[in-house]
Amino acid sequence: MDDGIQWLVDLDYWGSSIVFARGISPEELAVRMGGDPEAATEPITDAEIWDIGAEMYRPGADGDGLIRVGECAGWSFALEYGDSTGSDRLVGVSRDGIEAIHLVPMLEHPPATFAYAYNGRDVCGFGLGEENHRWGEQPDLLLPELVSGQVLCPGGNQLAYPEDEHYKVTYRRTIAIIEKRFGLSLPTEQLEAGRLPAYAVRGQPDMSTCQDTNAEAIRTWARANGFIVDEQGRVPAAIREAHQLATDA
């Protein structure tokens, strides 16, 4: 079932962003974002990706960047985590006639942002709630829809909605326009419960998976030593490390 993307507005918190690409597979999208085509994990959930041995935030330096990839409504998508590469590589992702979109569905401050690239060119972008400040080679690409959708006044220099309007109402209006213009959709279950392969796109995180041959042995050791382990998902990096330290001792 296709769920569109307007539901992203209602998330209280999601520390991620999304790259969409039309014309390439999810695996190729991962490669264009910096992933190793031979180094995908088994399909994992949103919660399990936080168990990967990664330093996603390093003050003053690049953190590790991870993505989970899938496909919906004719677009491949990459859910980004940590210091991912979507904003840095969007133009490169769009090379060779590919459409690429970067959507950052953040809270009110800083604002959510939208960027669209095509065929290796930065076409247009703007902040949600700041649609009167647009950039790119064709900053007015979505101007007719933004005016007819009562986001902008004719001419595109003034916002059309009240200053005291709740930001979620504002965001939903603009995201509805983006959703319709590009035919974007992301199934709600893919964000958290859905299982998607993951790739490292920045840094060198530990991408070992629960399919390791000694995964059950680690779970047995963990249970015996008072750890709580998920029988279905990944073996968390912290438990793998504790097991390794105990084995080496």
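Colleague: With which side chain does the side chain of glutamate 99 make a polar contact of 2.8 Å?

Modeller: Bear in mind that this is a predicted model. The partner is arginine 22, side chain to side chain. The side chain of tyrosine 116 also makes a polar contact with that of glutamate 99, at 2.7 Å.

Colleague: Is glutamate 99 buried or exposed?

Modeller: The cut-off for buried is under 20% relative accessible area. Glutamate 99 has 16%, so it counts as buried. In the fold, glutamate 99 belongs to strand E4, residues 99-104.

Colleague: Which residues is glutamate 99 in contact with, leaving aside neighbours within four places in sequence?

Modeller: They are Phe20, Ala21, Arg22, Trp75, Tyr116, Ala117, Tyr118 and Phe182.

Colleague: How should I read a nonpolar core?

Modeller: In soluble globular proteins, nonpolar side chains tend to be buried together. Here the largest nonpolar core has 43 residues, and Phe114, Leu142 and Phe182 have the most contacts inside it. Among the elements giving it two or more residues are strands E1 (17-22), E4 and E5 (113-118), and helix H4 (143-148). Helix H5 supplies the largest share of this core, 6 residues.

Colleague: What does phenylalanine 114 touch, not counting residues up to four places away in sequence?

Modeller: Its contacts include Ile101, Leu103, Phe126, Trp135, Leu142, Ile178 and Phe182.

Notes: Residues are numbered from 1 along each chain as its sequence is written. This is a predicted model: local features need pLDDT of at least 70, side-chain atom pairs count only at pLDDT 80 or more; totals for chains, interfaces and linings use all residues. Side-chain values use heavy atoms; hydrogens and water are left out. Helices (H or I, at least four residues) and strands (E, at least two) are DSSP runs, numbered from the N terminus. Buried means under 20% relative accessible area, exposed over 50%, partly exposed in between (1.4 Å probe, protein chains only). A polar contact is a pair of N or O atoms within 3.5 Å; within protein, one must be able to donate a hydrogen and the other to accept it, and residues adjacent in sequence count only if both atoms are side-chain atoms. Contact means heavy atoms within 4.5 Å. A nonpolar core is a set of buried Ala, Val, Leu, Ile, Met, Phe, Trp, Tyr and Cys residues joined through side-chain atoms within 4.5 Å.
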